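Take a walk through this fold with the model open beside you.

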Amino acid sequence: MAEVTVTKDNFEEEVLKCDKPVLVDFWATWCGPCQMLGPVVAEIAEEHPEYKICKVNVDEEMELATKFNVMSIPFVAVFKNGNVTNSSIGYVPKETLLSLFN
């Protein structure tokens with residue numbers, strides 16, 4: 001399954017109301033660690049259809065970044081039933097990202 005680009009307009013529908021766990025990657029084009037993490041997140045999206053993978057560009061969606069207190073990027077949050085259950089800051093390996101779902 002491909003990654004879904006999320007904005008303030010579709011966040012509730014795509015993330016909060018989703019019936020499966022959602023990984024949201026808060027990122028920016030100018031962020032080196034974000035560029036390193038991007039392919040890892042894309043890999044998870046392809047390999048794990050049981051999860052929904054979303055991306056939020058913090059430069060374009062400052063309102064969402066502020067709402068979730070994103071101070072450093074990449075910031076990855078896992079949502080279950082509309083709530084953040086786990087998160088990670090900075091570049092982390094794929095296994096670490098997958099462990100956020102547990």
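Where does Pro-74 lie? Pro-74 sits in the loop between α3 (62-67) and β4 (75-80). Helices (H or I, at least four residues) and strands (E, at least two) are DSSP runs, numbered from the N terminus. This is a predicted model, in which local features need pLDDT of at least 70 and side-chain atom pairs count only at pLDDT 80 or more, while totals for chains, interfaces and linings use all residues. Residues are numbered from 1 along each chain as its sequence is written, and side-chain values use heavy atoms, with hydrogens and water left out.

Stay in that loop. A cis peptide bond joins Ile-73 and Pro-74, with omega about 0°. Asn-69 is placed in the loop between α3 and β4 too. Its phi is near 55°, a positive value in a residue other than glycine. Asn-69 counts as exposed because its relative accessibility is 55%. Here buried means under 20% relative accessible area, exposed over 50%, and partly exposed in between (1.4 Å probe, protein chains only).

Now follow the chain into β4. Of the 6 residues of β4, 5 are buried, so the strand is largely enclosed by the rest of the structure. On one side, β2 (residues 22-27) pairs with β4 in the antiparallel sense over 5 bridges. Two strands pair if DSSP finds at least two bridges between them. Leu-23 has Val-78 of β4 as its bridge partner. Asp-25 stands opposite Val-76 in β4.

β4 and β5 pair in the antiparallel sense over 6 bridges. Phe-75 stands opposite Ile-89 in β5. The hairpin of these strands has 2 residues between them, and Asn-81 takes a positive phi near 55° there. Asn-81 is exposed, with a relative accessible area of 68%.

Is Ser-88 buried or exposed? Ser-88 lies in strand β5 and is buried, with a relative accessible area of 10%. Leaving out residues up to four places away in sequence, Ser-88 touches Pro-74, Phe-75, Val-76 and Leu-100. Contact means heavy atoms within 4.5 Å. Ser-88 and Leu-100 are 12 residues apart in sequence and 8.0 Å apart in space, C-alpha to C-alpha.

Step back to the sheet. It is an open sheet of 5 strands in the order β1-β3-β2-β4-β5, with mixed pairing. β1 (4-5) and β5 stand at the edges with a single partner strand each, so one side of each has no neighbour in the sheet. Helix α2 (residues 32-47) packs on the sheet and touches β2, β3 and β4. Its direction makes about 160° with that of β2. Axes are lines fitted to C-alpha atoms, for helices over the stretch in contact, and angles run from 0 to 180 degrees between N-to-C directions.

Finally, look inside. The largest nonpolar core has 23 residues, and Val-24, Ile-73 and Phe-79 are among those with the most contacts inside it. α1 (11-16), β2, β3 (52-57), α3 and β4 each supply at least two residues of this core. β2 gives the most, with 4 residues. A nonpolar core is a set of buried Ala, Val, Leu, Ile, Met, Phe, Trp, Tyr and Cys residues joined through side-chain atoms within 4.5 Å. Beyond its neighbours within four places in sequence, Val-24 is in contact with residues including Val-15, Cys-54 and Phe-79. A second, separate core of 14 residues includes Leu-23, Leu-37, Ala-45 and Ile-53.
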